[in-house]
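Have a look at it first, then read on.

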Amino acid sequence: MTNLGAPARPKSRFFAASAALMAGLVLLSFLGTYFLPLATRGQDFSLLRHLHGLAFFAWIALYLVQTVLVNNGGLRLHRELGIAGVAIAGAMLPLGIWMAQAAGLERMARGNPQPFETSFYNLADILLFSLTFGGAIYAASRKIEWHRRLMFVAALNLLGPAISRLTPLLPLPFPWADMAPNVLADGLLIALAVHDRRRLGRVHPATLLAALVLIPFHAVEPLIVKSAWWNSLAPTLFGAG
């Protein structure tokens with residue numbers, strides 16, 4: 001029986017705050033590798049890199065706006081802007097794969113013996129983003145708590161690649177150096193689990209599923225990248241075999 005005299009539980013700011021943290025980390029991570037070279041004309045970037053960056057930055061910025069709208073009760077505008085989010089995400093999948101191919105071909109032209117080795121990270125990140133984003137859209141009108149957490153995980157899959165621009169500064173050996181960006185990003189799943197426990201009294205199934213899939217996968221990902229089977233398959237997969 002509902003206690004009508006009980007005070008309403010205050011809205012959680014977790015998703016808006018974590019989105020702001022993600023957006024800030026993304027901007028910081030690309031400051032030295034994209035924004036400063038762009039501002040100082042220290043490096044020329046291809047049109048593909050600009051389009052790729054624009055789509056990914058636009059999505060993470062929109063995710064921040066969407067979480068703030070939900071937190072402030074702007075659900076109508078939130079739903080309307082959701083169409084833009086779907087459109088941007090739809091462009092991100094081909095742009096992400098195309099960028100991975102182009103980067104691999106650039107490394108091949110420079111004589112790199114394993115030019116598509118790290119392309120596995122690009123492919124895995126964009127596919128995981130697309131799957132979780134698609135699941136979030138499917139759940140939007142059915143299971144709102146699943147929607148919020150799957151959208152959080154979709155954003156999380158963009159955070160690891162951004163952090164990888166900063167982790168070369170850490171003196172870590174293999175595989176820890178390769179593992180660090182995504183594992184650090186996965187740390188936000190722990191924060192989400194704590195939030196779930198406080199708000200729901202349990203860890204939400206979406207949070208638990210994401211942790212059980214992403215953390216082990218990110219732990220073994222560097223071993224896949226270095227494997228003979230991936231490096232023999234990758235050139236053919238990216239049209240360079």
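Let's start with a pair of charged side chains: Arg49 and Glu106 meet in a salt bridge, with 2.7 Å from N to O. Arg49 sits in helix H3 (residues 47–71) and Glu106 in helix H4, so this pair ties together parts that are 57 residues apart in sequence. Keep in mind that this is a predicted model. Arg49 counts as partly exposed at 28% relative accessibility, and Glu106 is partly exposed too, at 33%.

A search of the whole structure turns up 5 salt bridges. Here are three of them, side by side.

| Pair | N to O distance |
|---|---|
| Arg49 and Glu106 | 2.7 Å |
| Glu117 and Lys226 | 3.3 Å |
| Asp196 and Arg149 | 2.8 Å |

Now take Glu117 and Lys226, whose closest N and O atoms are 3.3 Å apart. Glu117 lies in the loop between H4 and H5 and Lys226 in helix H8, so the pair ties together parts that are 109 residues apart in sequence. Is Glu117 buried or exposed? Glu117 is buried, with a relative accessible area of 16%, whereas Lys226 is partly exposed at 44%.

The side chains of Asp196 and Arg149 also meet in a salt bridge, at 2.8 Å from N to O. With Asp196 in helix H7 and Arg149 in helix H6, the pair ties together parts that are 47 residues apart in sequence. Asp196 is buried, and so is Arg149. Together with Glu145, these two residues are linked in a network of salt bridges.

That brings us to H7 itself. Helix H7 covers residues 176–200, which makes 25 residues, and reaches 34 Å from its first C-alpha to its last, close to the 36 Å expected. There is a kink of about 30° in H7, centred on Asn182. Asn182 is among the buried residues of H7, as are Pro181, Leu188, Leu192 and His195. What do the buried residues of H7 pack against? Their partners are helix H1 (14–29), helix H5 (119–139), helix H6 (144–163) and H8. Just after H7, Gly201 takes a positive phi of about 85°.

Leu209, found in helix H8 (residues 205–226), is partly exposed, with a relative accessible area of 46%. Along with Leu208, Leu212 and Val213, Leu209 makes a nonpolar surface patch of about 380 Å².

One last stop is His78, in helix H4 (residues 75–109). His78 is buried, at 16% relative accessible area. Leaving out residues up to four places away in sequence, His78 touches Gln66, Leu69, Val70 and His147.

Definitions and conventions: Residues are numbered from 1 along each chain as its sequence is written. This is a predicted model: local features need pLDDT of at least 70, side-chain atom pairs count only at pLDDT 80 or more; totals for chains, interfaces and linings use all residues. Side-chain values use heavy atoms; hydrogens and water are left out. Patches are made of residues with over 30% relative accessible area and no salt bridge: like charges are joined within 9 Å, nonpolar side chains (Val, Leu, Ile, Met, Phe, Trp, Tyr) within 5 Å. Accessible areas come from the Shrake-Rupley method with a 1.4 Å probe; for residues, only the protein chains shown count as cover. A salt bridge is a side-chain nitrogen of Lys or Arg within 4 Å of a carboxyl oxygen of Asp or Glu. Helices (H or I, at least four residues) and strands (E, at least two) are DSSP runs, numbered from the N terminus. Buried means under 20% relative accessible area, exposed over 50%, partly exposed in between (1.4 Å probe, protein chains only). The expected span of a helix is 1.5 Å times one less than its number of residues. The bend at a residue is the angle between axes fitted to the seven residues ending there and the seven starting there. Contact means heavy atoms within 4.5 Å.
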